[in-house]
Amino acid sequence: MPASLSLYLDLVRFLAAIAVLLFHLWPQWMPGFPLPWPGHAAVIVFFVLSGYMIAHAAHQPGVDLRTYLQHRAARILSVALPALMLSVAVAPFAGVTPIHSSGPMDLSPAAFWGRIAASLLFIAQSWNLSLAPPYNPPYWSLCYEVWYYVMYGAWLFAPRRWRWPAVLLAMLCAGPKILLLAPVWLLGVATWHLRGRLPSGLAVLFFYGCMLAGLLLFWFDVGVLLRNRMLVHWPEAAQQLNESALFIGDYLLGIAVAGNFLGAVALGERLKPLLRIERPVRFAASYSFSIYLYHMPLAVLLWNGLGLHSPLQMAAVLAAMLLALGTLTERQLPLCRRVMRRALA
């Protein structure tokens, strides 16, 4: 992948993680000055980006099922396991008063550990389940993505006669809610396969036009408007689908994001000015997964446990804690890959 394109995708990844953090914490910090941070929309960006990057990694020379499993397990577990441990560590200090986006705080021991177990197995969003680890609602998207990895890996690497049974078994484990957003993830896969086919003369139009289309879809809450129209005919959809209830708008946003990525690929040399900020962007992006999965449990600890209610002070301490935890976990991805390689040897 060209360095300039990789850098652009890293920049998108980091900005999406920050958007999710601000979506959750800004109302707690600045209740009198609300701003419409794109939380759910940023997750859709993550899904398309994930599909693109997984397709890129899975089609490299020499990649087989074992390598695919090693890399995917290392990437997910290096942050998911510490995130679940963080929920357990925060519990004695969390109290019972919820903060914005913290989820339920007064869980019984059975409910608490049930959520941890379901999240550990990535079935917390399967079928009728709609659970999240204590104090960590953003984890829901991971329970979607893991099954997309499994389905895609089964399709690519299972023996031909077992391909469809393996994919169908993964679909059965995932359930309808997760499958409903699978087309968004597959848009990223399709974008990778279509890379380089967009005429260079259309690159600027796709890059900026699709970026603008995505911003307009978010700004005018098109997904919410379409969902509300759907609820007239299907009143139970919001409760039954939960995070997937915005699926129509998510498809439109996913198309816009995929178009932007196609434009970015076709821009080629015109993305090279980004290389001037390569070092800070690469560094920041290497913490994006940690920012996404650790910020809510840490926010509960700081706000409820330590009583740190000053937005500036809390933001500074939160940034330091994210930096420390990310350095110990996400930044140790090569070590995690070596561990997974030995485990699967």
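**Exercise 1. Find the contacts of Phe-122, setting aside its neighbours within four places in sequence.**

Step 1. Take contact as heavy atoms within 4.5 Å. Step 2. With the neighbours within four places left out, Phe-122 touches Ile-76, Leu-77, Ala-80, Tyr-139, Leu-142, Cys-143, Val-146 and Trp-147.

A word on the model before going on: it is predicted, so local features need pLDDT of at least 70 and side-chain atom pairs count only at pLDDT 80 or more, while totals for chains, interfaces and linings use all residues. Residues are numbered from 1 along each chain as its sequence is written, and side-chain values use heavy atoms, with hydrogens and water left out.

**Exercise 2. Decide whether Tyr-152 and Val-339 are buried, partly exposed or exposed.**

Step 1. Tyr-152 lies in helix α5 (residues 140-157). Its relative accessibility is 8%, so Tyr-152 counts as buried. Step 2. Beyond neighbours within four places, Tyr-152 is in contact with Ile-54, Ala-55, Ala-58, His-59, Tyr-68, Trp-185, Val-189 and His-193. For one of these, Ala-58, the C-alpha atom is 9.2 Å from that of Tyr-152, although 94 residues separate the two along the chain. Step 3. Turn to Val-339, which sits in helix α16 (residues 333-343). Val-339 has 46% relative accessibility and therefore counts as partly exposed.

**Exercise 3. Describe the fold of the protein chain as a whole.**

Step 1. Count helices (H or I, at least four residues) and strands (E, at least two) as DSSP runs, numbered from the N terminus. Step 2. The radius of gyration is 20 Å, close to the 20 Å of the globule rule for 345 residues, so the chain is as compact as a globular protein of that length. Here the radius is taken over C-alpha atoms, and the rule is 2.2 Å times the number of residues to the power 0.38. Step 3. Of the 345 residues, 47% count as buried. Step 4. Among contacts between residues at least 6 apart in sequence, 79% join residues at least 24 apart.

Note on methods: Buried < 20%, exposed > 50% of the residue type's maximum accessible area, 1.4 Å probe, protein only.
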